[in-house]
Amino acid sequence: MTVQVPVPVLDTPRLVLRGHRVTDLDDLLAMWSCPEVTRVLTGKPLSREDVWARLLRYIGHWAVHDYGLWTIRERDTDRFVGDAGIADFQRDLAFSFDGAPEAAWVLAPWAHGRGYATEAMNAVLAWAAAAHPRTVCIIDPDNFASLRVAARLGYHQIGQADFKGKPILVFERVA
């Protein structure tokens with residue numbers, strides 16, 4: 001028996017953002033097992049088991065918080081683009097988010113450099129603005145692409161922290 005958690009569908013000119021499904025596992029595995037993607041995110045490619053746990057976490061966020069991450073698909077082709085949304089990852093950081101949800105985005109390598117992360121996150125942040133006007137995000141200082149996306153979205157750096165033995169930058173955006 002599959003239980004469906006209702007997730008709003010967000011449409012942009014080029015993308016459709018919808019809730020994750022079990023059938024997204026192979027697309028997620030392809031993305032999260034790619035060294036190009038994981039280099040500045042997890043530090044190493046993820047296993048099928050790790051990606052399955054991530055997929056369940058994505059679905060569970062909606063059940064617990066009424067927000068979470070969406071899977072991103074190209075409107076015209078239905079090709080998997082990546083994930084984007086807001087979440088409560090319960091990070092073990094010395095830096096407090098003061099209850100603000102954390103914005104997150106990750107794209108398959110073929111989708112890099114096309115403006116998809118900014119387009120998807122603009123839709124997410126517009127959807128979230130009323131209930132969550134303040135969001136935060138963390139970015140590896142070497143993740144230059146995500147630093148550019150964060151700047152385009154209106155995030156500004158508010159601090160630095162250590163996350164799993166690596167330095168990260170902490171950003172904030174207030175709608």
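Biologist: Where does Asp66 lie?
Modeller: Asp66 sits in the loop between helix H3 (48-65) and strand E3 (69-74). Helices (H or I, at least four residues) and strands (E, at least two) are DSSP runs, numbered from the N terminus. This is a predicted model, in which local features need pLDDT of at least 70, side-chain atom pairs count only at pLDDT 80 or more, and totals for chains, interfaces and linings use all residues. Residues are numbered from 1 along each chain as its sequence is written, and side-chain values use heavy atoms, with hydrogens and water left out.

Biologist: Why does Asp66 count as exposed?
Modeller: Exposed means over 50% relative accessible area, buried under 20%, and partly exposed in between (1.4 Å probe, protein chains only). Asp66 has 60% relative accessibility, so Asp66 counts as exposed.

Biologist: What is the phi of Asp66?
Modeller: Phi of Asp66 is near 60°, a positive value in a residue other than glycine. Most residues other than glycine have a negative phi.

Biologist: What about Lys164, and why is Lys164 called exposed?
Modeller: The relative accessible area of Lys164 is 74%, so Lys164 is exposed. Lys164 belongs to the loop between strand E7 (156-163) and strand E8 (166-174), and its phi, near 55°, is also positive.

Biologist: How many helices and strands does the chain have, and why is the chain called as compact as a globular protein of its length?
Modeller: The chain has 5 helices and 8 strands. The radius of gyration is taken over C-alpha atoms, and the globule rule is 2.2 Å times the number of residues to the power 0.38. For 175 residues the rule gives 16 Å and the chain has 15 Å, which is close, so the chain is as compact as a globular protein of that length.
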